[in-house]
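Please read them against the model.

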Amino acid sequence: MSTTIPRLPSHAVMDVRPGDQAAATQVDAWLRDYAISRDAVLRERIILAYLGLADRLASRYRQSRGTTPEDLIQSARAGLIAAIDRYDPTYGNPFVPYAVVCVVGELKRHLRDTSWRLHVPRPLKEQALRLAKAADELHQR
């Protein structure tokens, strides 16, 4: 037997904007409740509240070569969802800085994985980056 998750009415969707303390306080309460209950409806509300944040972070990388804006938005939103699922309010750290780090990390991972024209395993890419850095340091000496 499958259960269906009720859809949220449009008035229940809250977009947390920078400086909107009232909305941030409400969503912080949702985050604390979600950490305890893992309620799918509450998770959806939190995701919808912070979609604007993820999209704004994705727009910072819109000039990157080798990817489309849609792919960047999708990666940013995946990072946001991962941040919501992994966030632990008992650590005492605020959610927004944590989410920003997670989303930017996901965006950078996406860009690193898609910027090469041919598929190269990640360890080899990282080795190439270390080699380029070492070559720059050697050139400076």
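1. Tyr87 is buried, because its relative accessibility is 10% (buried is under 20% relative accessible area, exposed over 50%, partly exposed in between; 1.4 Å probe, protein chains only). Tyr98 reaches 28%, so Tyr98 counts as partly exposed.

2. The model is predicted: local features need pLDDT of at least 70, side-chain atom pairs count only at pLDDT 80 or more, and totals for chains, interfaces and linings use all residues. Numbering runs from 1 along each chain as its sequence is written, and side-chain values use heavy atoms, with hydrogens and water left out.

3. How many aromatic pairs does a search of the whole structure find? Three. Rings of Phe, Tyr and Trp (its six-membered ring) pair if their centres lie within 6.5 Å; planes under 30 degrees apart are stacked, over 60 edge-to-face, the rest tilted. Tyr87 and Phe95 pair edge-to-face, at 5.1 Å between centres and 80° between planes. Both residues, Tyr87 and Phe95, are buried.

4. Tyr87 also pairs with Tyr98: the centres are 5.8 Å apart and the planes lie at 45°, so this pair is tilted. Tyr87 sits in the loop between α3 (69-86) and α4 (95-114) and Tyr98 in helix α4, so the pair ties together parts eleven residues apart in sequence. Helices are DSSP runs (H or I, at least four residues), numbered from the N terminus.

5. One aromatic cluster takes in Tyr50, Tyr87, Phe95 and Tyr98.

Technical notes. Helices (H or I, at least four residues) and strands (E, at least two) are DSSP runs, numbered from the N terminus.
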